[in-house]
Amino acid sequence: VNLSATFQNHTFANPLMNASGVHCYTTTQLDELLASSAGTLVTKSATMAYRQGNPKPRYRSLALGSINSMGLPNEGLPYYLDYVLAKQTQADVPTLFLSVAGISMQEDLDMLAQVDQSDFNGFTELNLSCPNVPGKPQVAYDFEATEKMLDSAFKLFHKPLGVKLPPYFDLAQFDIVAKILNQYPLAYINTINSVGNGLYIDVDSETVAIKPKGGFGGLGGAYVLPTALANVHAFRQRLNDSIAIIGTGGVQTGADVFAHILAGADLVQVGTQLAKDGPDVFARLTQELSDVMAQKDYHNLSDFKNNLKEL
Ligand SMILES: CC(C)(C)CCc1c(C(=O)O)[nH]c(=O)[nH]c1=O
């Protein structure tokens, strides 16, 4: 069984990587990902400068997944840009992904300009869950703002660019968003980000699980797998073939990875399960994916990618 994954004429040993925000805040964590069986990595979404983020507890692992309201804690763009620039000169380091999430569209553009002027040769991921003007929904839920953001981004950014999208839940929204995205020379979309503003309640203590936002936070893990698969498949059915898809959300087993690829994902990211198990999760997931493929007599990802059958 061959797990190698092609992605915009880059090849990875396997389709698995971390989801931004999990095990990717420090160079130590990033080095642990490189030392793991993961095919590549993405850095924690960066703002221009260091950010402390929200008060703790701001992440909670739950039986059925996770809830978080981290508040964009990160070491600042220069820290992550320095890391990927240093790594890309080393042999046998895969093409890397750098995530940016300004707290304003202007900050996003300033960061993209800085990356564009650098020698970074990997993929840049623009997190469209970034906040909009107060009182308005996040950029990706404000289609006019999304269009404005991408117009401005592609005017100044000339390296491979992907966007991280929140989940959509309405088929008309898939049509609208895909129509917007198809207007741009995007390298890829990454779907989904956490399912926004869930509320976990602990009945014994009668309390919420996390401190920020009165306990409201983004959901990950088993809770979100069907939503993640739907977003991957809906966009695969609607986007130009030139736009690759990273599937993120709800991966716990090799079978879940298989499902994401069947739905149309070219690469698959792991968040909550990586937070629970640590980087060894990638050795288990690659083995399990390999076993599922062998049982079905598939030899390459292309044998079943985007081959989901309807009834
Ligand atoms: C939600 C934002 C804080 C605007 C972006 C960073 C982010 C966070 C976070 O840093 O709270 N958590 C997520 O699950 N997804 C994200 O994209």
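This is a predicted model: local features need pLDDT of at least 70, side-chain atom pairs count only at pLDDT 80 or more; totals for chains, interfaces and linings use all residues.
View 1. Lys 213 sits in the loop that runs between β12 (207-208) and β13 (216-220). Its phi is near 50°, which is a positive value in a residue other than glycine.

**View 2. Leu 72, a buried loop residue with a positive phi.** Leu 72 is not a glycine, and yet it has a positive phi of about 60°. Leu 72 belongs to the loop between β5 (65-68) and α2 (77-87), and with a relative accessible area of 15% it is buried, since that word applies under 20%. Leu 72 is also one of the residues that surround the ligand, which is the subject of the next view.

**View 3. The ligand and the residues around it.** The residues surrounding the ligand include Lys 44, Asn 68, Leu 72, Asn 127, Asn 193 and Ser 194, and the shell as a whole divides into 3 nonpolar, 7 polar and 1 charged residue. An oxygen atom of the ligand lies 2.8 Å from a side-chain N or O atom of Asn 68, and an oxygen atom of the ligand is likewise 2.8 Å from an N or O atom in the side chain of Ser 194. For Asn 193, the side-chain N or O atom is 2.8 Å from a nitrogen atom of the ligand. On its own the ligand has 390 Å² of accessible area, and the protein covers 77% of this.

**View 4. Ser 99 in strand β6.** Ser 99 is part of strand β6 (residues 97-100), and it counts as buried because its relative accessibility is 1%. The side chain of Ser 99 makes a polar contact of 2.6 Å with the side chain of Ser 45. Leaving out residues up to four places away in sequence, Ser 99 touches several others, among them Ser 20, Val 42, Thr 43, Lys 44 and Glu 125; of these, Lys 44 is also found in the surroundings of the ligand.

**View 5. Thr 40 and its contacts from elsewhere in the sequence.** Thr 40 lies in the loop between α1 (27-35) and β4 (59-62), and its relative accessible area of 4% means that it is buried. Although Thr 40 and Asn 18 are 22 residues apart in sequence, their C-alpha atoms are 7.8 Å apart in space. Asn 18 is one of the residues that Thr 40 touches, together with others including Phe 12, Leu 16, Pro 94 and Phe 97. The side chain of Thr 40 also reaches the backbone oxygen of Thr 95, at 2.6 Å.

**View 6. Two cis peptide bonds.** Lys 56 and Pro 57 are joined by a cis peptide bond with omega at about 0°, and Pro 57 is located in the loop between α1 and β4. A cis peptide bond also leads from Thr 191 to Ile 192, where omega is near 15°, and Ile 192 is in the loop between β9 (188-191) and β10 (195-199).

View 7. In soluble globular proteins, nonpolar side chains tend to be buried together. The largest nonpolar core here has 84 residues, of which Phe 7, Phe 97, Val 163, Leu 181, Ile 189 and Phe 235 touch the most other members. Helix α9 (residues 281-295) supplies the largest share of this core, with 6 residues. A second, separate core has 9 residues, including Leu 62, Val 195, Ala 209 and Ile 210. To return to Val 163, its contacts beyond its neighbours within four places in sequence include Leu 126, Leu 150, Leu 181, Tyr 188 and Ile 189.

View 8. Helix α7 (residues 254-263) is largely enclosed by the rest of the structure, because 8 of its 10 residues are buried. Among these buried residues are Asp 256, Val 257, Phe 258, His 260 and Ile 261, and what covers them includes β3 (16-18), α6 (225-238), β14 (244-248), β15 (267-270) and α9. The helix is followed by Gly 264, which has a positive phi near 125°. In the loop between α7 and β15 lies Asp 266, which counts as buried because its relative accessibility is 11%. The side chains of Asp 266 and Lys 305 are joined by a polar contact of 2.8 Å, and Asp 266 is also in contact with residues including Ala 5, Phe 7, Pro 15 and Arg 236.

Methods: Residues are numbered from 1 along each chain as its sequence is written. Side-chain values use heavy atoms; hydrogens and water are left out. A residue is near a molecule or strand if one of its heavy atoms lies within 4 Å of it. A polar contact is a pair of N or O atoms within 3.5 Å; within protein, one must be able to donate a hydrogen and the other to accept it, and residues adjacent in sequence count only if both atoms are side-chain atoms. Accessible areas come from the Shrake-Rupley method with a 1.4 Å probe; for residues, only the protein chains shown count as cover. Ala, Val, Leu, Ile, Met, Phe, Trp, Tyr, Cys and Pro count as nonpolar, Asp, Glu, Lys and Arg as charged, and the others, Gly among them, as polar. A nonpolar core is a set of buried Ala, Val, Leu, Ile, Met, Phe, Trp, Tyr and Cys residues joined through side-chain atoms within 4.5 Å. Buried means under 20% relative accessible area, exposed over 50%, partly exposed in between (1.4 Å probe, protein chains only). Helices (H or I, at least four residues) and strands (E, at least two) are DSSP runs, numbered from the N terminus. Contact means heavy atoms within 4.5 Å.
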